[in-house]
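Biologist: I am new to this structure and would like to learn how to read it. Please take me through it feature by feature.

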Amino acid sequence: IYKHGGDVDSFAGDALLVVFEALETGVEPLNAAARLAAQCGIMLNETLSPYTVTKNISMTLRSTLSVGEIVSLDVGGGVSARRHTFLSGRAMADMRSTATYTQSSECLVSPDAIAYLQPFITFAARFS
């Protein structure tokens, strides 16, 4: 994840949230961040899905990819040692809405992300 420029933001149960930040504004930085995220997702899927835990137990990976503005809100710290970061924005909403449709060993790409990735990646369409 880190080699592709991603930052592990949080763990939630069996989910992992990784953010690929576009450090500048405009289309090209978003294209680059989306490509790195897609390359990372493909590499993770090829490496870890399925992942054999024990002889009788294996795990698969499923992921979603969305592109867009994310708003970060840090809560806590100061007097309390606990601190939480909450992420919001269209990219997060797209991710939540597509996550329920993602199947095992699959990466589902939001419509906004497809627009950034289409020149670089061939997609296999699946409609439910």
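Biologist: How many salt bridges does the count come to?

Modeller: A salt bridge is a side-chain nitrogen of Lys or Arg within 4 Å of a carboxyl oxygen of Asp or Glu. By this rule there are two salt bridges here. This is a predicted model, in which local features need pLDDT of at least 70 and side-chain atom pairs count only at pLDDT 80 or more, while totals for chains, interfaces and linings use all residues. Residues are numbered from 1 along each chain as its sequence is written, and side-chain values use heavy atoms, with hydrogens and water left out.

Biologist: Which side chains meet in a salt bridge at 3.8 Å, N to O?

Modeller: Those of Asp-94 and Arg-90. Helices (H or I, at least four residues) and strands (E, at least two) are DSSP runs, numbered from the N terminus. Asp-94 and Arg-90 are separated by about one helical turn because they are four residues apart in helix H2.

Biologist: Is Asp-94 buried or exposed?

Modeller: Buried means under 20% relative accessible area, exposed over 50%, and partly exposed in between (1.4 Å probe, protein chains only). Asp-94 is buried at 14%, whereas Arg-90 is exposed at 54%.

Biologist: Which side chains meet in a salt bridge at 2.9 Å, N to O?

Modeller: Arg-90 and Asp-112 form that one. The pair links distant parts of the chain, with Arg-90 in helix H2 and Asp-112 in helix H3, 22 residues apart. Asp-112 is partly exposed, at 24% relative accessible area. Through shared partners, the salt bridges join Arg-90, Asp-94 and Asp-112 into one network.

Biologist: Which residues make up the largest nonpolar core?

Modeller: A nonpolar core is a set of buried Ala, Val, Leu, Ile, Met, Phe, Trp, Tyr and Cys residues joined through side-chain atoms within 4.5 Å. The largest one here has 11 residues in all, including Phe-20, Cys-40, Val-67 and Leu-117. Helices H1 and H3 (111-117) each supply at least two residues of this core. The largest share, five residues, comes from H1.

Biologist: What volume does the largest pocket have?

Modeller: On a 1 Å grid over the protein atoms alone, a pocket is an open set of points where a 1.4 Å probe fits, with protein on both sides within 12 Å along at least five of seven lines; lining residues have an atom within 4 Å of a point. The largest pocket has a volume of about 1,800 Å³. Its lining has 50 residues, and Leu-16, Leu-17, Val-18, Thr-64 and Met-95 lie nearest the centre. H1 (27-48) gives the largest share of this lining, eight residues.

Conventions. Grid points are joined across faces, edges and corners, and a volume is the space filled by probe spheres set on the points.
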